[in-house]
Amino acid sequence: MAIIDLRDVTKRFETPAGTVVALDRASLSVAAAQLVVVLGPSGSGKTTLLNMIGALDTPTEGLIDVGGKRVTDLSRSQLFGFRRQTVTFIFQAFNLFPELTALENVRFGAEVSGHRSASQLAVQMLEDVELGDRVQHFPHELSGGEQQRVAIARSLATGNPVLLADEPTGELDFRTGIQILQLLRDRTNDGKTVVVVTHNREISRMADLVIELSDGHIISSAPPSGGTVDATELRW
Amino acid sequence: MSFWLRWSWRDLRGRLLQVVAIAAIIALGSGIYAGLGSTSAWRQQSLDASFAGLAAHDIEVSPVAGFFVPQDQLLGAVRSAGGQGLSTVEARLVADLPVRAGRGGQIPAAGVVVGVDLAQPVEIDRWKVTAGRSLGPGDAQGSSVLLDEHFADAHHLPPTGTIVIAGTPVRYVGTVLEPEYLNTTTTFGTTIQGAATRAVIFAPIGLVQRLADQPGQANDVVARVRSGESIDHVAATLTHNLPITLPNVAMTVAVRNDDPMTLALYDEIISEQKIFDVFALLILAGAGFAAFNLTRRVVEAQRRDIGIAMALGVSPGEIAIRPIILAAEVAVAGVALGVLAGWGIGIWVLGIFRSEVPLPIWHTPWQGGLFLRAAVLGLVIPLAGSAYPVWRAVRVAPTDALLPPHLRSGRHRGSGLLRKLPLPGSTMAQAPVRRITIAPTRSAMTVLAIGLILAPLLAALGTTDSASATIDAGTQILSGNSADQLLVSLTNYQPSTAPAVSALVDSPLVAKYALGLNTGGYLLRGHTTVAVSISMVDLSDPLVAPTAVARQKIAPGGIVIATKAAADLGVGLGGDIVLRHPLAQGSGYRFVDTVVPIRAIVDSPYRFVAYMDLRDEPMMGLSGIVNTATLVPRPGVSINALQRRISLQPGVAWALPASTLSNTIRDILGLVTGLFVVLQIVIGMLAFLVAYNSTKIGSDERAREHATMMAFGVGVPRVVLIGVIESVLLGVIGIGVGLGVGLLVLHWVLGTVFPAAVPELSVLPAVAASSFVITVVIGLVATASAPTLVARQLERMNLPSTLRYVE
C-alpha cells in the first residue's frame, strides 16, 4: 500500500502578472520505506510538491493521501495534527531554534509528537547522527553539517513515518553532504519513507524512486536507470 | 538620493505599522508635555480674563473683623479718602453666618453672605451666572439670593432652591461665579475650608443686614481705580486719609493684586505645573528611551543589507542614509501625531479643570511656542535614537554584518548562562525564558523601556497617596484624634463669659468643650518668613491641643510650631523665634514683633499650624476673649444633631463637624486625582505600544522559528502563548524595574519638587497597595495583550516561503 498518493494535484498561484501553474495535474504513488528523490530545475515545482505532501500548502485541485490520511480533506487544526504525527521536515537552512541546545532542539521534535521520554530519545538520536559529544552546543556553535545532522535528528525524534527533506545538502560541502545522505538512507532501513528534493542529479542515483519535474509536470517517475547505489559512490 | 528615498519608501511601506507605533510613542510623550503645559497657560490667561471681564475690584477697604459702619458713612468716607483716584465704589456687608443646604438642610456649611446694594447696577465684582438667573434692581428689597457655583457643584445642588441662612430659609434663584471668591480654600486657625464646606451667598444688602442683625450697616467697600492711576498710589492715599475721614475705626486697605487669596490662585497654577512638568518629562524620557530601543532593533534588522552595501564598497555616509531616513519618518510622524495628541490631551485636561476649578471666562488659545518645543523634542528623540545604532552598524566588520542574524557575534551572550540554567518543563515551556536569556541586551532594553514608562505612573499615584496620607496625619492632629467634635467659629471676638459663649458651652447637648482664640501671625528668622495660623487654646487640654503637646503640660509664654516650619526656619525645640502678631489697640490692632521660645514642635505636615496657650492672650492685648469653641456631644447625641442646634445660636458664624473639614482637602485633591487619571491612561497606552512594538519586531525576527514550529505541527495559539509568556516575563521584570524607579522618582518628587512647589506642606511619603496593584495590572495587561495582536500575522504566514528563505 502506498504511503504517499497524489492524484491530479494542481497548484496555481495568482500573481499581478497572471496565473502561475506551479504544479499541473501531478499524480504519483510512493511505497513505505523508500528513499524518493524529486529532481528538477529551479521553478519546476519540486518544492511545491513537497509542501503539498507535508501539508504546508494546499492544492488548488486534486487529492492527496499520506500515511492513510486524506490530507486534502483535513481541517486547519487537523493539518497541524497531521504534521505532528505523520510527516516531518528537514530544511535546507536547517531552521534550528537558536536559543535551544542541540539536545533541546531534538527534544523539541520528540515532545511535539508526544513522546514521553523525550530527553532519552533525543540523546539517542544525536548519538545516531554521531553528535553525542555536541549535545550541549547551541546552533551557532556548530558547523553547517553538524547543524543539519541536528535537524535530521530532530525530525527523526518525532518518530513520524514520512521525512521530507528540501535540499538537505544545499548548504553543505560534498563530504558532509554524503554523510547526511547516508543518514537519510539509513532511515529507510528503519521503515521511514524519505522524500528528498534536490536539483543535484547525482543524488538521484541512491534513490529507490526518482521523480522528475519540469514546468510543474511530472515527466518521469521510476527507479534510477543504473540501479540504486550506495551514498559513498556519489560524486559531484 | 532618489534611489535611497525610493528604497526608504519601500522600508516605510514594509514597516508602516511599526513606524506608526514608534511615532505614537513619541507622540504620546511629546503630547502629554505639550498638553499639560498648555493648560497652565490657559488657566493663567483665563484667570486674567475672568478678573478683567467681571470687573474685579482693585482695592478693598474694610474695618477690623467684627466692626460695622453705617453703609452711607462708610461709602462716603472711602470716596472722600480716595479722592479723584477712585472711579467706582460699592459698599457691602459681608457676614459669616451658618448655612444649611440641600434637601432637609442636611448639608451644613460655613456661610459667607455678601450683601450687595442692588439699587444700582453692580459694576464691581460682577457675577457670571452659571445656572438660573441673576439679581437686579427689582430684587433690592426682596429675599432672593445667589449661590456660589463651587458650593452648588460640590453638593450637586439644583440651579434654584431653598437655603437656610442663620435659621432663615431663603430662595436662591441662580448659581454664579464671582472674581473675589474664585479661590475656595481658606484657613481659619488650624482648620481648612474648601468648596464643599464654605458657601458663598450673594444677597441684597438689606436682607443681609436683617440676617446679621446689623440694620443699615456695612463692613466692606470694593473700589476700582480710575484708568491711568496707580493702584498702589491710590491705596496709599486711602491708608493715609481714612483715619481722617473715618476716625475711631481701624480700617484695612488691601490691593487685590497683593491679596494672598488671589496670589494663591496663580501660585497654585505654577506649583501644579512644576509637578506636571516633572511627570511629563519623565514620560517623555521613557517614551524617548522606548523609541531609541525600538529604532535600534529596526536598524539592527537592516544589518545584513548594511553588510552587503559595505561589501560592495558603499561609503558609511551613504549607508547611513536609509536608516536615518527611517528615523526621520518616525520623527515626522511622531511630531504630526504629537500635535494631535497634545491637542487632544490639552482638551481632555481642560475639561477636568473646567469641572474642578470653574472660572467665569476661559481663554484657550493655541500654545504655539510650547507645541514647537514638543515638536523639536519629537524630532530629536528618534533621530538621536537611530544615530547610535547606525553608527554601530557601519562600524562592524562586513563579514559579521553579512552573517544571518542568529550567527552574528554578540547575539548569544546569554548562551553560557542558558547552558547552566536548569529549566523545568518541555522545550516549548522553556522557550520564553530561553528567548529572554539568550539575548540579554535586547531583553534588558525592553525591560528598561517598560520600566521607564511605568515608573512615572507609580510616582504619580504615590504622589496622590502621599498627599492623602499627609491629610490624614494632619487631620488627626487638627481634630485631636477624634472626628466626633464640632468646631464652632463665632462671628466676632467675644468675652468667654458672654451670653453667646455661655449658650454654647452650657447647652444640654454638650458633654465637653474648649474655648480658643484664632488669629494670624508670622514667624521670622533671618530672611525667612513663615505665615502661621495661631490657635490659642488650653495647651494641656487634649481636646484642642495635639495629644503629644497636651501630655507635656507646657507652661505659657511660648509657642508650639509645626515640624515643617521649624525645619524651614532652622530652629529647634527650646530655641527662640520672632513672632509677628496682632496687638489690640483701641478699636483696631497693629502688628508687633515679640521674641518667644519654642515650647514644642508638633509633628503636623501643615506648616501654618501653630499653638499658644490661651493664658498668653495679654501678649495680643486681649484678655478672656475667644472666637472659637470645640464641642463634644453628650453620649447619645449625634454630631449632626449638635451641629443643627448650635448653628442656630446667635453669634455663631459656622459650626462644622471636624470630619467635614478633613474632607475638604480631599475635595481639593480631586483635581490632582483627575489629572493623574489622564497620566494613567497615557502610560497604559505607552506600555501597550512598547510591548506591541517589541513583540512585533521580535515576531518578525523569529518568523522562521515560528514557521518551523508550525511545520512541526505546533498550532498558532501555542506559538502566541509562548510570545505572551515571554512578553509577560519581560513585563514582570519591567514592572519590577518600574516600581523601583518609580519609588526613587517619588522620593525625589517629594523631597525636591514638592518642597519648592508647595512649601506650606510637608508631604509624608506613602504608596497605597492599590497604587502598586494599578501599576502592576497596567503593566501586565499591556504586555500580555500585545502579543495576541500578532496572532493574525501568524495565521497568515506563508509557511513554505518563510521556511525556505536561505540566509
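Biologist: In this predicted model, is strand 9 of chain A mostly covered or mostly open, and how many of its residues are buried?
Modeller: Strand 9 of chain A covers residues 209-214. A residue counts as buried under 20% relative accessible area. By that cut-off the strand is mostly covered, and of its six residues the number buried is five.

Biologist: Which residue of strand 9 is the bridge partner of A:Val36?
Modeller: Strand 3 of chain A, residues 35-39, pairs with strand 9 of chain A in the parallel sense. Four bridges join these two strands. In strand 9 of chain A, the partner of A:Val36 is A:Leu209.

Biologist: Strand 9 also pairs with strand 10 of chain A. In which sense does it do so, and which residue of strand 10 stands opposite A:Ser214?
Modeller: Strand 10 of chain A spans residues 217-222, and its pairing with strand 9 of chain A is antiparallel, over five bridges. Within this pair, A:Ile211 stands opposite A:Ser221. The residue opposite A:Ser214 is A:His217.

Biologist: Which residue takes a positive phi in the hairpin of strand 9 and strand 10 of chain A?
Modeller: The hairpin has two residues between its strands. The phi in question is near 50°, and the residue that takes it is A:Asp215.

Biologist: What are the edge strands of the open sheet in chain A?
Modeller: Six strands of chain A form this open sheet, with mixed pairing, in the order 6-7-8-3-9-10. An edge strand here pairs on one side only. From one strand to the next, the twist averages 20°. The edge strands of chain A are strand 6 (87-90) and strand 10.

Biologist: At what angle does helix 5 of chain A run to strand 6 of chain A?
Modeller: Helix 5 of chain A is made of residues 144-157. It lies across strand 6 and strand 7 (162-166) of chain A. Its angle to strand 6 of chain A is about 175°.

Biologist: Turning to chain B, why is helix 1 described as oblique to helix 9?
Modeller: The axes of helix 1 (residues 2-14) and helix 9 (residues 316-356) of chain B come within 9 Å. Residues that meet there include B:Trp4 and B:Trp7 from helix 1 and B:Ile321 and B:Arg322 from helix 9 of chain B. The crossing is right-handed. The axes cross at roughly 45°, which makes helix 1 of chain B oblique to helix 9 of chain B.

Biologist: How far apart are the centres of domain 2 and domain 4 of chain B?
Modeller: Domain 2 of chain B consists of 69-75 + 85-227, and domain 4 of chain B of 478-662. Taken over C-alpha atoms, their centres are separated by 27 Å.

How values were computed: Residues numbered from 1 in each chain as written. Chains lettered and ligands numbered in written order. Predicted model: local features only at pLDDT ≥ 70, side-chain atom pairs only at ≥ 80, totals over all residues. Heavy atoms only, no water. Domains from an automatic or database assignment. Buried < 20%, exposed > 50% of the residue type's maximum accessible area, 1.4 Å probe, protein only. Pairing = 2+ DSSP bridges. Axes fitted to C-alpha atoms, helices over the stretch in contact; angles between N-to-C directions. Contact = heavy atoms within 4.5 Å. Parallel < 35°, antiparallel > 145°, perpendicular 65-115°, else oblique. Left-handed = near helix turned anticlockwise from the far one by under 90°.
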